[in-house]
Amino acid sequence: MCGIVGYTGSSPALLVLLQGLERLEYRGYDSAGVALVEKGELYVDKKVGKIRELVRSLWGKDLKATAGIGHTRWATHGEVCELNAHPHTDGSSEFAVVHNGIVENYRELKEELEKLGIAYRSQTDTEAIVHLVALNYEGDLLKAVLKTLEKLTGAYAFAVISAKEPGRIVAVRYGSPLVVGIGKGENFIASDIPALLPFTRDVIPLKDGEVVDLRPDGVFIYDFKGNLLTKDVMHVPWDIISAEKGGFKHFMLKEIFEQPRTLSDTIRGYISRDLSLPFSLKDFRRVLVVACGTSYHAGLVGKYWIEKYAGVPVEVAYASEVRYSDMQVGEEDLVLAISQSGETADTRFSVLALKEKGSTLLSLVNVMGSALDRESDYTLYTHAGPEIGVAATKTFTAQLAVLYALAVNHTEDRQVKMENLLRVPHLVEEYLSNSEAVRELAIRYADRRDFLYIGRYLSYPVALEGALKLKEISYIHAEGYPAGEMKHGPIALIEEKTPTIAIAPKDRVYEKMLSNIEEVLARKGKVIGVGFEGDENLKKLCTNLIEIPPIEEDLTPFLTTIPLQLFAYYIADYLGLDVDQPRNLAKTVTVE
Ligand code: M6R
């Protein structure tokens, strides 16, 4: 969590830092700050709130520094206030640090430092780093950082500058993401690639255990022992345009409407060849899917497809639950980690532990070069491009596309199935071009405080995903439930003011869903159905019906998901909420 950016070159650093921070704001937006080496002294400014508060504070200041670091915070240790905002400085204000992640032994370090007479100013774990660097400094920032690393435990990325060595930034990756951007006579660091795209597409994603010594005319990467490493520069295929809003009010809306293209790009990536995996799912005793949030929901859909087509038992688990469990895995198991960012700490660390136990690790990620990508035995990619909205949308449907391709990979009619899958982007486009009715419906229901989302079989994970979208961006309580389970308890929640969204495409459980809808109606509940166009049964039954183009059973989740994304978006937008950066959240959760 949190976003880090750094620049050293010959242009005014502040402009680069602020632009970078704006692109990293999705990682956290409790406070923001910068530190620059201005006329031989450290200049620090930090403000509570979003980047715009920092920009306001810096407005009109003629800062000429050509090197600096910046930070946007998602609070983990210490309340949201200016003192806890980054950058943090040492007692003599000669060193500044920005940090993402957690220093786990910060309490011991604080005690040790206080015994040496060093006074703490904040409640953060970060402050330990800067005091240690100052303490270890003997004329070389890199050496001071390397020595500091010997004392730290946890998972983190941080960057340090010093007034004593203007133009030099030393940054570290250990468990939280950090990417180096290579320019001409200037170099950059950032937590994520999109922050670098306005300046360069040549990047080096650092690995855990690497330290970069960044100067205007050179980039030197070392291991924690100080051995110089040789690294390849990667050219990023995205351009800046694909990370902009493109005329949409919010990134989330843009990303929802991008799905015909992102689906088609993803499917085409796998259509003419198999998945280039040197194994079949059938080679394994079990597939264990590990993921969080939306990626977990994609895994639940994938389970049905894999069990149907590969005939292998699939277990789907929340990464945060796996990590401290005694799960029995071994060589006979395939662990499938699903993660848009490829940086989610819960997912990474739980699957790494499973890999240690002998299982094969296959990952499905959207970000090439991410930690999971590098740490896995094999990787599959979604080709959805950068996703900026905190709520995952286009990456969810892209994950579904790859999971489907994986499930049917060794079937005899794989090619036919994949060609058929290529119909999905067209149908999604058809639905989106005719989706105005959802907006009106959303506005009509925007005053409700509770929603139930129900579905069965493939529509059950879609119900979970629809409910997650609504709660995270509109702050309305929503519960996803298997429709058949309602009678075992949650049906007690039904009353006139609690609408139920019932996902009921014509599939194997359609008739069962109709009965479940009747059960809700019998308790005076209002039902918004999501079903096929022209479904007269549903139309008669439901208070409102969202109609999607008919599609075969297997592929229904692609179509049923889209109106639920729009429904959540339009409610949140109508309520005037910050759709792309909802409160308390961050796009990539790199802390446990
Ligand atoms: O990057 P990941 O797919 O690993 O992220 C997992 C979750 O943090 C993520 O899906 C989260 O639940 C989203 N905010 C959902 O919209």
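## A buried aspartate

The side chain of Asp 333 makes a polar contact, at 3.1 Å, with the side chain of Arg 286. This comes from a predicted model, in which Asp 333 is placed in strand β18, covering residues 333–339. Asp 333 counts as buried because its relative accessible area is 0%, where buried means under 20%. Leaving out residues up to four places away in sequence, Asp 333 touches Phe 284, Arg 285, Arg 286, Gln 328, Ser 359 and Thr 360.

## One side of helix α14

Helix α14 spans residues 423–432, and its buried residues are Val 424, Pro 425, Leu 427, Val 428, Tyr 431 and Leu 432. These residues lie on the same side of α14, because they cover an arc of only 165 degrees around the axis. Among the elements that cover the buried residues of α14 are the helices α6 (251–257), α7 (259–271), α13 (414–421), α15 (436–445) and α19 (556–574), together with strand β25 (544–548).

## The nonpolar cores

The largest nonpolar core holds 90 residues, and those with the most contacts inside it are Phe 451, Tyr 453, Phe 558 and Phe 567. Helix α19 gives the most to this core, contributing 11 residues. Because domain 2 (245–422) and domain 3 (435–592) both give residues to this core, it lies between them.

Phe 451, when its neighbours within four places in sequence are left aside, is in contact with residues including Tyr 445, Leu 470, Ile 476, Phe 567 and Ile 571. Another core, of 28 residues, lies apart from the largest one and has Leu 113, Val 133, Leu 149 and Val 160 among its members.

Definitions and conventions: Residues are numbered from 1 along each chain as its sequence is written. This is a predicted model: local features need pLDDT of at least 70, side-chain atom pairs count only at pLDDT 80 or more; totals for chains, interfaces and linings use all residues. Side-chain values use heavy atoms; hydrogens and water are left out. Buried means under 20% relative accessible area, exposed over 50%, partly exposed in between (1.4 Å probe, protein chains only). Helices (H or I, at least four residues) and strands (E, at least two) are DSSP runs, numbered from the N terminus. The arc is that of the directions from the helix axis to the C-beta atoms. Contact means heavy atoms within 4.5 Å. A nonpolar core is a set of buried Ala, Val, Leu, Ile, Met, Phe, Trp, Tyr and Cys residues joined through side-chain atoms within 4.5 Å. Domain bounds come from an automatic or database domain assignment. A polar contact is a pair of N or O atoms within 3.5 Å; within protein, one must be able to donate a hydrogen and the other to accept it, and residues adjacent in sequence count only if both atoms are side-chain atoms.
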